[in-house]
Structure formats: structure tokens, C-alpha cells
Amino acid sequence: QVQLVESGGGLVQPGGSLRLSCAASGSIFSITAMAWYRQAPGKQRELVATITSGGSTNYGDSVKGRFTISRDNAKNTVYLQMNSLKPEDTAVYYCNADPAGLVLFRLKDSWGQGTRVTVSS
């Protein structure tokens, strides 16, 4: 059984910063690449950033240079530092395995409650 608990969202002005955290229970999360996803109102969930168990990272074009993903394997926790936030970053943010891991470990239907980020003046 896996459990994902996201936190750290909130209301922030454009240009501001937030740090999201994701606590993951389940042994697979210590060995699989992890990712942050987001879903804006009326839109499909999209991949924001990924990080391998060894720390290699990749980012979506819309967040590159502004967001930083990191992980603490000892704590089974993944972070997303978000800087220079824009109104278009407004969404509910979720963490989970990366897209390959969602398939490999059958996690497509295993999501946490997410954490809401609102960027508005």
C-alpha cells in the first residue's frame, strides 16, 4: 500500500516563492524516479518535473529555470521549490512516481489529495 501526502501550497503573489513537500510511504518510492504533476482548473494533469533516485532532474519547459525538484531518500520525501511564480502556475500539485513508474508499479490510480497553489495579486 502506498500513501502520498503533499503540503506547502497556498496563495502567493506573482513573483513569489513556495516550497512544496511530498511524503511518500511505500518501499518503491525510495528506488523509483519521482515526479511532481499539476492540474489546473479545466485542464488535464501535466508533468512538471522529475527526479531519479540518484538525483538527476528534468523539467517541463514552462517551469525550467524557475522550479527546482529535490529529494531526501532517507525521509522518502520529495520537494519542489517554486520561484518567480506566475498566475499560470495556479493549479493543484501532486507528487507520484514518474510516468514510467506509474505504469511499472501500477500507480496510475494512486494519488494523494494534492496541495493547491494559487498565484494571484
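Two strands are said to pair if DSSP finds at least two bridges between them. The model before you is predicted, and by that criterion β3 and β8, the latter covering residues 77-82, pair in the antiparallel sense over 6 bridges. Within this pairing A23 stands opposite T77 in β8.

These two strands belong to an open sheet of 4 strands, in which the order is β1-β3-β8-β7 and the pairing is antiparallel. Its edges are formed by β1 (3-7) and β7 (67-72), each of which pairs on one side only. On average, neighbouring strands of this sheet are turned by 15 degrees against each other, with direction ignored.

Another open sheet has 6 strands, and here the pairing is mixed, with the order β2-β10-β9-β4-β5-β6. At its edges lie β2 (10-12) and β6 (57-59), which each pair on one side only. Neighbouring strands in this sheet are turned against each other by 25 degrees on average, again with direction ignored. Strands of a sheet may pair in either a parallel or an antiparallel way, through backbone hydrogen bonds. One of the pairs in the 6-stranded sheet is that of β9 (residues 91-97) and β10 (residues 115-119), which run antiparallel and are joined by 3 bridges. In this pair, A91 has V117 of β10 as its bridge partner.

What ties parts of the chain together across 73 residues of sequence? The structure holds 1 disulfide, and it is formed by C22 and C95, whose sulfur atoms are 1.6 Å apart. Because C22 lies in strand β3 (residues 18-25) and C95 in strand β9, the pair ties together parts that are 73 residues apart in sequence.

Rolling a probe the size of a water molecule over the atoms shows where empty space is left. The structure holds 1 cavity of 30 Å³ or more, and about 40 Å³ of space lies in the largest cavity. Its lining is made up of A24, F29, M34, R71, N73, N76, T77 and V78, which divide into 4 nonpolar, 3 polar and 1 charged residue.

How values were computed
Residues numbered from 1 in each chain as written. Predicted model: local features only at pLDDT ≥ 70, side-chain atom pairs only at ≥ 80, totals over all residues. Heavy atoms only, no water. Axes fitted to C-alpha atoms, helices over the stretch in contact; angles between N-to-C directions. Disulfide = S-S within 2.5 Å. 1 Å grid on protein atoms, 1.4 Å probe; cavity = no way out; pocket = protein on both sides within 12 Å on 5 of 7 lines; lining within 4 Å. Points joined across faces, edges and corners; volume = space filled by probe spheres on them. Nonpolar A, V, L, I, M, F, W, Y, C, P; charged D, E, K, R; others polar.
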